[in-house]
Amino acid sequence: MVSKYNLKNKLRVAIVAVDQRITGALKMAGLASSFLDYTKGNGDINPHLNNLASLCHILLIYPSDLFHPSFRNINTKCIPHPPRPALKNFIITDDDFAKAFMDLLDKDVFTATYRYETYYGLVGREGWPRRSPTVLNAECYLDLMNISLYEFFLYVEDIAWKRIRSENECAGK
């Protein structure tokens, strides 16, 4: 589960790496100052995916950096990844998450365990309220497909880059 990653400490270290105060970085990401205080099991945070992506945007890191397999058993004082200035224009949207869930989740397998409403909320089906799951919930959903959070975020990041390139090509014409 996510607690083995100690997400809370990795985010604190990443915030310091971009030379910001925790409250300032959270405010820039549109998050409450208590964001890193929310805990679930073993004292680790359990943010919604879209909130985590917003904070990673401010920190100039990819969300996948936080779940890289090499960080599972490493001291939490490690920086998830050095800030990348090239990521200033990189933003993951709710539509990117929805497309990733639609592509990666097998509807029949998923709905055998979870509700149809949950599936339709994840994939952004029209007429259903869109839901951004928490990291722990997403991990449980993806476990059905034998997909790690790291692999999921890599896929979402690829979708986001394709969307951004497509938007830039359209704007350049």
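Q: Which residue follows α3 with a positive phi?
A: The model is predicted. Helix α3 covers residues 49–59. The residue that follows α3 has a positive phi, near 60°. That residue is L60.

Q: Which residues in helix α3 are buried?
A: Helix α3 spans residues 49–59. Buried means under 20% relative accessible area. In α3 the buried residues are L49, L52, A53, L55, C56, I58 and L59.

Q: Where is A29 placed?
A: Helix α2 runs over 22–28. A29 sits between α2 and α3. Its place is in the loop.

Q: Is A29 buried or exposed?
A: The relative accessibility of A29 is 14%. The cut-off for buried is under 20%. A29 therefore counts as buried.

Q: Which residues does A29 touch, not counting residues up to four places away in sequence?
A: A29 lies in the loop between α2 and α3. L55 and I58, two of its contacts, are buried in α3. Not counting residues up to four places away in sequence, A29 touches S54, L55 and I58.

Q: What separates the C-alpha atoms of A29 and H57?
A: Along the chain, A29 and H57 are 28 residues apart. Their C-alpha atoms are separated by 7.8 Å.

Q: Why does D94 count as partly exposed?
A: D94 lies in helix α4, residues 94–104. D94 is partly exposed because its relative accessible area is 36%.

Q: Which residues does D94 touch, not counting residues up to four places away in sequence?
A: D94 belongs to α4. Residues up to four places away in sequence are not counted. D94 touches N50 and R130.

Methods. Residues are numbered from 1 along each chain as its sequence is written. This is a predicted model: local features need pLDDT of at least 70, side-chain atom pairs count only at pLDDT 80 or more; totals for chains, interfaces and linings use all residues. Side-chain values use heavy atoms; hydrogens and water are left out. Buried means under 20% relative accessible area, exposed over 50%, partly exposed in between (1.4 Å probe, protein chains only). Helices (H or I, at least four residues) and strands (E, at least two) are DSSP runs, numbered from the N terminus. Contact means heavy atoms within 4.5 Å.
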